[in-house]
Amino acid sequence: MCVPLPSGTSGAVPVTNSNRGMEVEYTGDVTRHEPTLEVRRYYEKILPFYEKEKESIARSHLDFWRSLARDWRPGWILDIGAGLGRITSALARHAPTIGTDISMEMLRCAVRHLPPQSRAHFVAADMRRAALAWRFDLIIASSDPFCHLTTATDRRKALRAVADQLSERGHFVLEGLYRRREIFEPPPRRVRHAGGVLSINERWQPVGSRQLWHARYRYRDRPSMGGESELEASFIARAWEPADIRVFFASCGLSIEKLWGDFDRRPFRIGAKRLVAVARRLDR
Ligand SMILES: C[S@@+](CC[C@H](N)C(=O)[O-])C[C@H]1O[C@@H](n2cnc3c(N)ncnc32)[C@H](O)[C@@H]1O
């Protein structure tokens with residue numbers, strides 16, 4: 001890690017190669033606000049499986065995120081809800097990149113997998129607050145970390161924090177959770193990893209009326225040596241409503257310039273594979 005972290009990381013904990021082996025505590029800032037505890041517990045529970053799931057990330061996904069950095073040539077990049085940091089690490093090949101997350105366990109794994117001389121840094125911070133006194137030219141949120149913020153109040157806080165940390169020429173790109181309101185249960189996925197094969201079965205069921213979902217994941221790991229292991233875990237997620245996402249962003253100081261339906265940048269249509277929003281600061 002050759003690039004110093006920007007100043008003003010108060011309320012956040014830098015996670016670095018030098019402290020990853022130590023018992024790093026969360027600051028009061030990360031622990032005080034709920035619902036982070038539940039979310040952190042969820043990721044802590046699934047981590048041994050999630051790490052294997054994320055060993056391979058589709059080339060088309062990585063190409064998409066890297067193409068943004070190639071097109072816009074940002075000076076600094078912020079990856080919020082960075083998880084295991086695969087995308088943070090790829091983006092750091094283009095510009096110094098900071099990945100933030102509330103899960104210290106995930107961040108420790110992220111640091112462990114960084115290549116030498118990487119320009120990626122990791123900081124434990126809650127995305128509902130602008131923890132870094134710095135402006136970024138590109139802020140990304142991949143695989144929708146916002147889905148864990150299930151109230152409009154929390155989502156507004158997080159979007160306002162994005163607006164506060166975005167430079168005048170900056171772009172914010174959200175890969176938002178989008179589901180049609182019906183049970184979603186894709187065929188089980190099989191992921192080959194270094195030590196065997198992982199099967200993943202997911203089921204998403206709508207609950208209530210505010211784009212809330214009960215998401216259930218079942219993992220079964222079949223290592224090439226040793227016994228099988230299984231895990232079931234679930235969480236409540238909130239998807240985005242395409243009809244009001246522009247107004248919602250605007251109420252937080254962000255203007256959506258493009259709404260894409262997939263990583264190939266096709267326009268978003270109802271029933272699209274995904275929802276990718278590209279936003280800028282409203283007060284430019
Ligand atoms: C689905 S994972 C996505 C990880 C990564 N962006 C990726 O594409 O693989 C969502 C991440 O958001 C993080 N997260 C959830 N709530 C958060 C919050 N309030 N502040 C920061 N990170 C949060 C979780 O810990 C988790 O790592």
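This is a predicted model: local features need pLDDT of at least 70, side-chain atom pairs count only at pLDDT 80 or more; totals for chains, interfaces and linings use all residues.
Local features rest on pLDDT of at least 70 and side-chain atom pairs on pLDDT 80 or more, whereas totals for chains, interfaces and linings use all residues. Numbering starts from 1 along each chain as its sequence is written.

The ligand is surrounded by 19 residues, counted where a C-beta atom, placed from the backbone, lies within 6 Å of the molecule. Gly81, Gly83, Ser142, Ser143 and Pro145 are the closest. By class, this shell holds 8 nonpolar, 8 polar and 3 charged residues; Asp, Glu, Lys and Arg count as charged, Ala, Val, Leu, Ile, Met, Phe, Trp, Tyr, Cys and Pro as nonpolar, and the others, Gly among them, as polar. The largest share, 3 residues, comes from α2. Helices (H or I, at least four residues) and strands (E, at least two) are DSSP runs numbered from the N terminus.

The largest nonpolar core has 64 residues, of which Leu107, Ile139 and Val162 touch the most other members. Such a core joins buried Ala, Val, Leu, Ile, Met, Phe, Trp, Tyr and Cys residues through C-beta atoms within 7 Å; buried means 20 or more other C-beta atoms, placed from the backbone, within 10 Å of the residue's own.

Leu107 is also one of the buried residues of helix α5 (residues 104–112), together with Met104, Met106, Ala110 and Val111. These residues line one face of α5, because they fall within an arc of 155° seen down its axis, taken from the directions from the helix axis to the C-beta atoms.

Leu132 lies in the loop between β4 (120–124) and β5 (136–141). Leu132 is buried, because 24 other C-beta atoms lie within 10 Å.

Terms used. A residue is buried if 20 or more other C-beta atoms lie within 10 Å of its own, exposed if 12 or fewer, and partly exposed in between; C-beta atoms are placed from the backbone.
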